Amino acid sequence: MIDYNSIIPQKIRDIQPSGIRRFFDIAQQVQGVISLSIGEPDFKTPWAARREAINILEKGRTAYTANAGLIELRRVISEYLHKFIHTEYCPDSEIIVTVGGSEAIDMAIRALVDDGDEVLVPEPSFVCYSPIVSVCGGKPVPIVTKQENNFRLTAKALMEKITPHTKALILPYPNNPTGAVMRRKDLEEIAEVLRGTDIVILSDEIYAEMTYGGEKHVSIAEIDGMRERTIVISGFSKAFAMTGWRLGYAAGPEPIMKQILKLHQYCIMSSPTVSQHAAIAAMTRCRDDVEHMIEEYDMRRRLVVKGFNDMGLTCFEPEGAFYIFPCIKSTGMSSEEFCEKLVHTKKVAVVPGSAFGESGEGYVRVSYAYSVQHLQTALARIGEFIGELEK
C-alpha cells in the first residue's frame, strides 16, 4: 500500500482549496440557486474577436507561435500599455503572452522567489498569491488593509512589514475582492518607501480597465523610478470578456522577463494560437464593446451597493473591478456561516470574505458581473434573509 502522505510534499498538502471554488461547487449542487460567486463576465466575447478566431481556424493557422507569443500581439500590447499606462515596453524582449493572467502571476513569482524570501501580500486579496509563494519556498507576509482606508495599501503599513528578507510586493489593484483602487498619490507614497531597496513589485492589473468615478487607472510602473522594479500582469479575461480563451501577459524589465520566458518555455511552450489572434482583434477593434461593458458594470455597481446599504449590510463604494465587499458583522455570524445559511435557505451564493485572507472575516464578496435581473432577484432574496435574521 502506497503511503501518499510520504510522497506528496508537505508544502503541497498544506495548501487549502480555493474558498471561491468551494462555494461555486456548493452552488452547483443547490437546485435553483442564483450565484454571485464567480468573476465571470456575463457578456459574450466581442464579435470581432470571435470572427477573427473563426477566420484563423478556417485557414488552419493552428501551429505553435513563438514562445513569447505572436510578435503582432506583443506589438499591440506594447502600444496599448504605452497609451493606457504611459509606459513603454519592448515587444521583442519585455512582453510575454501567457495562458491567462494566472500563468503570468505563477511564472513571475517562480522567477523571483527563493527559499526563505518574504513576499508582501496586501489582504484581503485574490486567493492565488500566497499559495504560489509557499510552493516556491517563500514566506507570504500579509499586510492587512482596512475599510476605513477604503482597503488601500498605505505606505505606513508597507513600511512596517519590510525586513531584510523581503523580496517582492504584490500590488493587486483594482482589487479582488474589495473593489479598492490605488490612486496616484497612494502609489507615489508606496514608491517613496521602495526607493533604495531591491524589492520587486508584481502589479496585478487585470481589472485596470474597470475603474469608476472619473479617475482612470494609474499603474505603479508609471511612477518615477518604479518601471525598473515592476512586472505588470494583465490579460483579456475581464475587460474583453474572454475568460475561456485563457490569455494574459506580463510586461517588465528585460533581465526579469528573460528568466520568466525560460520558465514559460519549459512549462507551457506557447499560449493558444487562435486565442492570440482573437486578442489582436479585441485590442484593435473592440474598444466600443469594452466601453459599453464598463458602463454596464458601473450601473450594476451602483445598484448593488445601494441594495446592500439599504438592507443594513454597509459597504464602501468600490471604485474598481466588479465586486463589492459588504460587512456582515452585524448579523453575528462568521463569513462562512453567513454564506452557507444564505445558499441553503435563500439559494443565493456569495463568497466568504475569509477566503481572501483572515482580514476578510466579517465580510462577503459579491460579484456584479451578472445581468440586472439576476442581481435584483438575488438582492431581494438576501434582503429577505436579513429581515428574517432580525425577527
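**Briefing: salt bridges and a helix pair**

Glu-189 is partly exposed, with a relative accessible area of 34% (buried means under 20%, exposed over 50%, partly exposed in between, with a 1.4 Å probe and protein chains only). The model is predicted: local features need pLDDT of at least 70, side-chain atom pairs count only at pLDDT 80 or more, and totals for chains, interfaces and linings use all residues. Residues are numbered from 1 along each chain as its sequence is written, and side-chain values use heavy atoms, leaving out hydrogens and water.

**Salt bridges**
- The structure holds 22 salt bridges (a side-chain nitrogen of Lys or Arg within 4 Å of a carboxyl oxygen of Asp or Glu).
- Glu-189 pairs with Lys-185 at 2.7 Å, N to O; Lys-185 is exposed, at 58%.
- Arg-301 forms a salt bridge with Glu-317, their closest N and O atoms being 2.8 Å apart.
- Arg-301 is buried at 5% relative accessibility, whereas Glu-317 is partly exposed at 45%.
- A salt bridge of 3.4 Å, N to O, joins Glu-337 and Lys-341; Glu-337 is partly exposed at 32%, as is Lys-341 at 39%.

**Helix packing**
- Helices H4 (residues 47–58) and H11 (residues 273–285) pack at about 145°, their axes 8 Å apart (helices are DSSP runs of H or I, at least four residues, numbered from the N terminus; axes are lines fitted to C-alpha atoms over the stretch in contact, and angles run from 0 to 180 degrees between N-to-C directions).
- Contact residues (heavy atoms within 4.5 Å) include Ala-48 and Arg-51 of H4 and Val-274 and His-277 of H11.

Terms used
Helices (H or I, at least four residues) and strands (E, at least two) are DSSP runs, numbered from the N terminus.
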